[in-house]
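Please look at the sequence and the structure before reading on.

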Amino acid sequence: MLPDASGCVLAVAGSGGKTTLMRRLFDHYRSQDRSVLWASTVPQTVPAGVAQADYQQLPQVMSALTDSGSVFVGGAAGDDGKGQGLSPDAVERLRHATGCDVVLVETQVSTGTPLRADARPPVWPPVTHMAFAVGHVGSVGRIYGAATVAGVQLEREDNDAGEPRRVTSADVLGSVEAVLDCVPPGVFSVPFFTGFGSMRDIDGMFALVSKLTERDTIKVVCLAELQGDERRDAADLAGLRPGSDQASALAGERVYAVYSADLDDESEAPD
């Protein structure tokens, strides 16, 4: 579903894996030998392994694209060491001036949390062909507080019973919908949920996807595990008896839940 026309712009917003998604998109296009311009309209750390150039020095940008097929273009570094974001118009000028195949744009500042409720809207480029709204379903069940949700002031919020409130699938949905509501009209939008390998709220997952697909503009919803696959698989398989038929059948497969087939039919369940 990814666009492949020359000069396509893919923009990423949200929290809980958007830089990792940018890296995956970068690797995908570079594996096809497509030239990639990586930019940001918000302050961002320079991605490792990508040549950097000053956006005001077009010969420098073109040289990096020629030498390595890719370049990160950002503004001057601030006090925090992050490169300042480019204006949306500067991104568009670079797209035309370089003639690169793909432009990847991070449009919302990183928060260091899996979810956000900070009301800081994305800064979209004037031309965007695909917009990804990232949310982290792996955060479901974690304590709802400042360490998990950007924009929350308290370390934790309590419910009426005095127990700590925990993140729900509805909270993740709200975080992603806040991004989707800001996407410019006519842009192909993709809700992209990370942390799927550690999500255990299956009912919540179906409800979340069902709610999103009620939107006429949403044609696909991605549920992904961007990193840690092998570690999570090992943990999920640890409870199986080595050499058992079940363990053999699941060898080499992604595993999200394992339970006895007897649970599907109460009449055949053991006493």
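Which residues of the largest nonpolar core touch the most other members?

## The largest core

The model is predicted. Its largest nonpolar core has 26 residues, and those that touch the most other members are Trp-124, Val-137, Val-172, Leu-180, Phe-193, Leu-208 and Leu-212. At least two residues of this core come from each of four elements: strand S1 (8-14), strand S7 (130-136), helix H4 (169-180) and helix H5 (202-213). H4 gives the largest share, 5 residues.

Leaving aside residues up to four places away in sequence, Val-137 touches Val-172, Phe-193, Thr-194, Gly-195, Phe-196, Met-199 and Leu-208. A second core is separate and has 22 residues, including Leu-21, Val-190, Ala-224 and Leu-226.

## The sheet

The chain contains 7 helices and 10 strands. An open sheet is built from 8 strands in the order S3-S4-S2-S5-S1-S7-S9-S10, and the pairing is parallel. At the edges are strand S3 (52-54) and strand S10 (222-223), each of which pairs on one side only. In general, the strands of a sheet pair through backbone hydrogen bonds, either parallel or antiparallel.

S1 pairs with strand S5 (residues 102-106) in the parallel sense over 5 bridges. Within S5, Val-103 is the bridge partner of Val-9.

How many residues of S9 are buried? The count is 6 of its 7 residues, so the strand is mostly covered; buried here means under 20% relative accessible area.

S9 has a parallel partner in S7, with 7 bridges between them. Met-130 stands opposite Phe-188 of S9. S9 also pairs with S10 in the parallel sense, over 2 bridges, and there Phe-192 stands opposite Cys-222 of S10. Together, S9, H5 and S10 form a β-α-β unit that is right-handed.

## Helices on the sheet

Helix H2 (residues 58-68) lies across strand S2 (36-40), S3 and strand S4 (70-74), and H2 runs at about 155 degrees to S4. H4 also packs on the sheet, where it touches S1, S7 and strand S9 (188-194). The direction of H4 makes about 160 degrees with that of S7.

What do the buried residues of helix H3 pack against? In H3 (residues 88-98), the buried residues are Ala-90, Val-91, Glu-92, Leu-94, Arg-95 and Thr-98. They pack against S1, S2, H2, S4 and S5. An α-helix has 3.6 residues a turn, so residues three or four places apart point the same way. Just after H3 comes Gly-99, which takes a positive phi of about 65 degrees.

## The chain as a whole

Of the 271 residues in the chain, 43% are buried. The chain exposes about 13800 Å², and carbon and sulfur atoms supply 50% of that area.

Contacts can also be sorted by how far apart the residues lie in sequence. Among contacts between residues at least 6 apart in sequence, 69% join residues at least 24 apart.

Terms used. Residues numbered from 1 in each chain as written. Predicted model: local features only at pLDDT ≥ 70, side-chain atom pairs only at ≥ 80, totals over all residues. Heavy atoms only, no water. Core = buried A, V, L, I, M, F, W, Y, C linked by side-chain atoms within 4.5 Å. Buried < 20%, exposed > 50% of the residue type's maximum accessible area, 1.4 Å probe, protein only. Contact = heavy atoms within 4.5 Å. Pairing = 2+ DSSP bridges. Axes fitted to C-alpha atoms, helices over the stretch in contact; angles between N-to-C directions. Right-handed = clockwise from strand over helix to strand, strands pointing away. Areas by Shrake-Rupley, 256 points an atom, 1.4 Å probe, with all protein chains shown as cover.
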